[in-house]
There are 2 protein chains.
Amino acid sequence: MYRARLTILGCGSAVPTITNNPSGQVLEMCNKQFLIDCGEGVQNTMRQMALRTARLYTIFISHLHGDHCFGLPGLISTWGMMNRTQDLHIFAHKDLETLMRPILDYHCAHLPFEVIFHHIDPRRKNIIFDDRTVQVSTIPLRHSVPTCGFLFEEKARNRHIIKAKIDELHIPYAAIPDIQQGADWTTEDGRLIPNAELTLPPKQPFRYAYCSDTGYKPAIVPQIQGVDVLFHESTYLEEQRDAADRYQHSTAKQAAKIAAKADVGQLIIGHFSARVLDQQRFLAEAKEVFPNVTLAEDRKVFDFE
Amino acid sequence: MYRARLTILGCGSAVPTITNNPSGQVLEMCNKQFLIDCGEGVQNTMRQMALRTARLYTIFISHLHGDHCFGLPGLISTWGMMNRTQDLHIFAHKDLETLMRPILDYHCAHLPFEVIFHHIDPRRKNIIFDDRTVQVSTIPLRHSVPTCGFLFEEKARNRHIIKAKIDELHIPYAAIPDIQQGADWTTEDGRLIPNAELTLPPKQPFRYAYCSDTGYKPAIVPQIQGVDVLFHESTYLEEQRDAADRYQHSTAKQAAKIAAKADVGQLIIGHFSARVLDQQRFLAEAKEVFPNVTLAEDRKVFDFE
């Protein structure tokens, strides 16, 4: 069993190549699925992979370049034809709704579900999604149009009850929730049993940060400090640094520097330029700075823990 | 050498499957390329096939269901980034321009070429494209929204000069064009040489008809009579005839009946429903009525002659 699963639907950059479609990935954690970016072909790849999306209620769009959002009309239209009934929540810059509404009204007039746009401000660090188990925040990035990454954080879990101890002390069932939250227990004869004797600590909450597209921006480091997994774009190599600076993208080395500074558990790099034919070069360049790095690949599935 | 080439980019129906993307195909004839329909993923498949599109100036959209046009923004955007300079002409129902202009203005603000929309009336049989070598006409079809097929016709070619005869009679170079067009020749001593002794007849002009999406419509037969190749949709099997009637699509048998009535040279069927898992069943059903039939397949290339 994995704590989180990441399915790469596309990890190319603006121009699709023989191996890479434009951006799109599904993050699965806490029994929910989150679609992050939706370039052209995302629904095609989902179908080719037979990816089930029954728990996918939310889509997060980092910015409004076509390679990150042109797949939305087709995906929504297909879900309509497949009689999806769960409402769909899209978190994106407000212009997306302006652009998409006429398309949806025309092509998807009688959807059996609602499409609800949530306008986000990519320039601010905000909590944009918050439920019982997961919180999602924006990570303001540096790109040619307003762009943000997304930090997905599992909420702190309850402490694990030591069952034998509960039985031994005859603690009633009704008291368990408080103890799971950290409460101590006082026995009938007045003895105080500290929580640490009754419970074990929960696992550390899982945290995933998605940072694409962006020029090198060390200012994001405090926000993503210590995440389990960082996906960071790596459009170019250091030898293409001029292009990286001009188009506000990162090199593999820059992605690795961010991972090292933020001391993340694992780095995945993607959003590769079509101009680099041997993608192992991205890996080699990043590894020099941060060893625990993996190349994204279209249709690759990462299971964490 | 082929007289015409057809590259299938997608031959599925509305919902993409593991094998089939939505509609799109490139017809190559008379040294020109025509893109017919542009469902989501057309540009991705073009790139995967390394299809060169240097002679692709025109796109023909049969109707405005998403599986026939959602690939346009991505394709146009990518051509912009690849510094295409040739203007692009899109022939489609007028609503396409209304829907696409805001998308192009926003996402493709500084294209190095013009996108020119030509509004067609799918309910009328009209010549919509006409140049030195090719003519394209609409074929009004029967579908839930205004829809037309397209008839691509090579123009009549010049007759072939019999070189030995020209030399023997000392016919001057300046007279050749008229003779290629069918003129007779009078020698200096007044003898009339009939054109049939000076030339051989040209090849019959190549004709290709694309008919998707449509319910069974025998009224199109006179217009497509004797075409070399007919692409006809075959969304369903006869056992799904109810669905075919309800959604105004054709069965494989109905496609074959149209091919037989129009006495076409070759039938290609496509636009297969995701509900039929074994596509050989379409072939078997059609073959009973019209033997020279082939299944379309994504990425299949048909060379004619």
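**Cis bonds, interface, strands and salt bridges**

Biologist: Where is A:Asp213 found in chain A?

Modeller: A:Asp213 sits in the loop between strand 14 (207-211) and helix 7 (221-224) of chain A. Helices (H or I, at least four residues) and strands (E, at least two) are DSSP runs, numbered from the N terminus. This is a predicted model, in which local features need pLDDT of at least 70, side-chain atom pairs count only at pLDDT 80 or more, and totals for chains, interfaces and linings use all residues, while side-chain values use heavy atoms, with hydrogens and water left out. Residues are numbered from 1 along each chain as its sequence is written, and chains are lettered from A and ligands numbered from 1 in the order in which they are written.

Biologist: Is the peptide bond from A:Ser212 to A:Asp213 cis or trans?

Modeller: Cis, with omega near -5 degrees. In chain B, the bond from B:Ser212 to B:Asp213 is cis too, with omega near -5 degrees. B:Asp213 is in the loop between strand 14 (207-211) and helix 7 (221-224) of chain B.

Biologist: What about phi of B:Asp37, positive or negative?

Modeller: Positive, near 65 degrees, and the residue is not glycine. Most residues other than glycine have a negative phi, and most peptide bonds are trans. B:Asp37 lies in strand 3 (residues 32-38) of chain B. With a relative accessible area of 0%, B:Asp37 is buried. Buried means under 20% relative accessible area, exposed over 50%, and partly exposed in between (1.4 Å probe, protein chains only).

Biologist: And what is phi of B:His271 near?

Modeller: Near 60 degrees, again a positive value in a residue other than glycine. B:His271 is in the loop between strand 16 (266-270) and helix 10 (280-287) of chain B. B:His271 counts as buried, at 2% relative accessibility.

Biologist: Switching to the interface. How many residues of chain A are in contact with chain B?

Modeller: 35 residues of chain A, against 35 residues of chain B. Contact means heavy atoms within 4.5 Å.

Biologist: What area is buried between chain A and chain B?

Modeller: About 2,800 Å², with carbon and sulfur atoms giving 60%. Buried area is the accessible area (1.4 Å probe) that two parts lose on being put together, summed over both. On the chain A side, A:Glu40, A:Phe70 and A:Leu99 lose the most area to chain B, together 24% of what that side buries.

Biologist: How many salt bridges are there between chain A and chain B?

Modeller: The count is 0. A salt bridge is a side-chain nitrogen of Lys or Arg within 4 Å of a carboxyl oxygen of Asp or Glu. The side of chain A that touches chain B divides into 18 nonpolar, 14 polar and 3 charged residues. Ala, Val, Leu, Ile, Met, Phe, Trp, Tyr, Cys and Pro count as nonpolar, Asp, Glu, Lys and Arg as charged, and the others, Gly among them, as polar.

Biologist: Then how many salt bridges over all chains?

Modeller: 34 by this rule. One of them joins B:Asp130 and B:Lys155, with the closest N and O atoms 3.0 Å apart. B:Asp130 lies in strand 7 of chain B and B:Lys155 in the loop between strand 9 and strand 10 (160-161) of chain B, so the pair ties together parts that are 25 residues apart in sequence. B:Asp130 is partly exposed at 47% relative accessibility, and B:Lys155 is partly exposed at 26%.

Biologist: Which residues are linked in a network of salt bridges?

Modeller: B:Arg3, B:Glu154, B:Arg157, B:Lys203 and B:Glu305.

Biologist: Back to strands. How many residues of strand 8 of chain B are buried?

Modeller: 6 of the 7 (residues 134-140), so strand 8 is largely enclosed by the rest of the structure. Strand 8 of chain B pairs with strand 7 (residues 127-130) in the antiparallel sense over 3 bridges. Two strands pair if DSSP finds at least two bridges between them. Strands 7 and 8 of chain B form a hairpin with 3 residues between them. Strand 8 of chain B also pairs with strand 9 (residues 148-154) in the antiparallel sense, over 7 bridges.

Biologist: In which sense do strand 15 and strand 16 of chain A pair?

Modeller: Parallel, over 5 bridges, with strand 15 at residues 229-233. Strand 16 of chain A pairs with strand 17 (residues 293-295) in the parallel sense too, over 3 bridges. Both faces of strand 16 of chain A are covered: A:Gln266, A:Ile268 and A:Gly270 are buried on one side, A:Leu267 and A:Ile269 on the other.
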